[in-house]
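Hi,

Here is the structure I promised to pass on.

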Amino acid sequence: MSWGTELWDQFDNLEKHTQWGIDILEKYIKFVKERTEIELSYAKQLRNLSKKYQPKKNSKEEEEYKYTSCKAFISTLNEMNDYAGQHEVISENMASQIIVDLARYVQELKQERKSNFHDGRKAQQHIETCWKQLESSKRRFERDCKEADRAQQYFEKMDADINVTKADVEKARQQAQIRHQMAEDSKADYSSILQKFNHEQHEYYHTHIPNIFQKIQEMEERRIVRIGDSMKTYAEVDRQVIPIIGKCLDGIVKAAESIDQKNDSQLVIEAYKSGFEPPGDIEFEDYTQPMKRTVSDNSLSNSRGEGKPDLKFGGKSKGKLWPFIKKNKLSLKLGATPEDFSNLPPEQRRKKLQQKVDELNKEIQKEMDQRDAITKMKDVYLKNPQMGDPASLDHKLAEVSQNIEKLRLETQKFEAWLAEVEGRLPARSEQTRRQSGLYDSQNPPTVNSCAQDRESPDGSYTEEQSQESEVKVLATDFDDEFDDEEPLPAIGTCKALYTFEGQNEGTISVVEGETLYVIEEDKGDGWTRIRRNEDEEGYVPTSYVEVYLDKNAKDS
């Protein structure tokens, strides 16, 4: 089976077919190129998807990923990132092993095809030239034969005519001989050219064209084999990454199997445990007996000591309202958390304080490492003065030592608060259950004990005292402007379950067990507005007090 013998007369069709073969190869290259682009796009989308759902660093969301289910989700995102990397590998390998290789081969194929068909056209032109020479020789031989016949006929006519002179007859005879000689020469030339043409034609159809077509056939078969090999490579590139993709999927399964629901439940307890004890039973209040809306025997007057006038619910206070109380509440909501985290429940406060102590210890260790490094450098300078001046490090060393001292003082402060909370938690757990009855029978701590609670760990008073003094002074300054403003009526009472040090503007400090008036309920923001006496009122966390609202106030 050879194109040279079977398709000897199909030069044009073979030219079209080989061009079609190259077009098919280029189409396959384009297909693989688009596949690589899809793989890259898919990998990019997978990476973006993984990045989109990764927790942001130093955010609340990152803290939530301590649960095993969230850790498994993070592992899934990481595995998907690796999974995307394998699709990038597919794209790279297809580009290098198929696209680049085939593109180079197509250029070589086009050049080879052009050379083969150039040789074919050259052979075609040669045989056509020989054919034209044969046709020209044949026509010349035919013409000379006709001219010789006419010259012979003319000579015979002249020879038979008795009126013609011998000279004319001789001339006619010579002309006929010349024409016969020319015919013989043309015959010999035509015979020679015919033999040459037959030889060239035999070579063309049995040697040149078969050889050229054989080369074209081999070129086309190599193209077919090459595209088949590329298709195998195409599949092999995919097959090579299957084990790694399988490992990624196994990693996802392993992460899913590592989820521990019990551990997550324990983490929820650690995250949200307040340290409070559940409330006890509420005593039945008998309203069948006539009652006056006055404070009971266990009222604020007893809890605050003697010499204080009794206050009635709904009564008008002679004192002045703090003129910026609304602004103070807003600033409390938007302001920073108290330094000692006193706005948090005990257990959460303990965790925050412990976290702060750990952070400070890390900073201290970092500063100490820096101090050790500077000290070593100074020793090197002392031993080798040419390397540097030891005195130049004294300022830096003093600065680091000062930073360490500041951090230690800060750590001691937070450790004192932590010790206070840890020492108070057990006692609180025994006292937080509500006793039968509306109010606590024990006398609450005095104002002095409240002041003691506000003392800093080193025994000195904190800024809260000066802030309260400033509030009182400012309130006096605004007396004239707010003389006609009536204070809010009391709508109930409350008992402080825990000590709260109101350090922010608009808050009020309370001592555990203290009884106070409620003048505004919690509006959903976690704060209740209370009043101690005519001049002291502010906000406390709702979770720190037990509220008893007056029945009439509820109905209204």
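Helices here (H or I, at least four residues) and strands (E, at least two) are DSSP runs numbered from the N terminus.

Before going on, the ground rules. This is a predicted model, so local features need pLDDT of at least 70 and side-chain atom pairs count only at pLDDT 80 or more, while totals for chains, interfaces and linings use all residues. Residues are numbered from 1 along each chain as its sequence is written, and side-chain values use heavy atoms, with hydrogens and water left out.

**The chain overall**

The secondary structure comes to 13 helices and five strands. Of the 556 residues, 35% count as buried; buried means under 20% relative accessible area, exposed over 50%, and partly exposed in between (1.4 Å probe, protein chains only). Take contacts, meaning heavy atoms within 4.5 Å, between residues at least 6 apart in sequence: 77% of them join residues at least 24 apart.

**α4 against α5**

How do the axes of α4 and α5 cross, and within what distance do they come? They come within 6 Å and cross at roughly 175°. The axes are lines fitted to C-alpha atoms, for helices over the stretch in contact, and angles run from 0 to 180 degrees between N-to-C directions. The two helices are therefore roughly antiparallel, on a scale where angles under 35 degrees count as roughly parallel, over 145 as roughly antiparallel, 65 to 115 as roughly perpendicular and the rest as oblique. By class, the contact of α4 with α5 has 45 nonpolar, 21 polar and 23 charged residues. For those classes, Ala, Val, Leu, Ile, Met, Phe, Trp, Tyr, Cys and Pro count as nonpolar, Asp, Glu, Lys and Arg as charged, and the others, Gly among them, as polar.

- Ser-137 is buried, with a relative accessible area of 1%. Leaving aside neighbours within four places in sequence, Ser-137 is in contact with Ser-186, Asp-189, Tyr-190 and Ile-193.
- Asn-116 belongs to α4, which spans residues 68-160, and counts as buried at 6% relative accessibility. Beyond residues up to four places away in sequence, Asn-116 touches Ile-212, Lys-215, Ile-216 and Met-219.
- Met-219 is found in α5 (residues 166-257) and is buried at 1% relative accessibility. With residues up to four places away again not counted, Met-219 touches Thr-18, Tyr-105, Leu-109, Glu-112, Arg-113 and Asn-116. Its C-alpha is separated by 7.5 Å from that of Leu-109, 110 residues apart along the chain.
- Leu-249 also has its place in α5, but is partly exposed, with a relative accessible area of 43%. Leu-249 and Glu-79 are 170 residues apart in sequence and 7.4 Å apart in space, C-alpha to C-alpha.

One charge-over-ring case as well: Arg-226 lies over the face of Tyr-105, at 4.4 Å from the ring centre. The criterion is NZ of Lys or CZ of Arg within 6 Å of the ring centre and within 35 degrees of the ring normal.

**Aromatics**

How many aromatic pairs does the structure hold? There are 13. Rings of Phe, Tyr and Trp (its six-membered ring) pair if their centres lie within 6.5 Å; planes under 30 degrees apart count as stacked, over 60 as edge-to-face and the rest as tilted.

Phe-31 and Tyr-234 have ring centres 5.6 Å apart and planes at 40°, so this pair is tilted. The pair links distant parts of the chain, with Phe-31 in α2 (residues 11-52) and Tyr-234 in α5, 203 residues apart. Phe-31 is partly exposed at 42%, whereas Tyr-234 is buried at 18%.

Tyr-498 and Tyr-544 have ring centres 5.7 Å apart and planes at 75°, so they are edge-to-face. Tyr-498 lies in the loop between β1 (492-496) and β2 (515-520) and Tyr-544 in the loop between β4 (537-541) and β5 (545-549), so the pair ties together parts 46 residues apart in sequence. Tyr-498 is buried at 2% relative accessibility, and Tyr-544 at 3%. Ring pairs link Tyr-498, Phe-500, Trp-527 and Tyr-544 into a cluster.

Cheers
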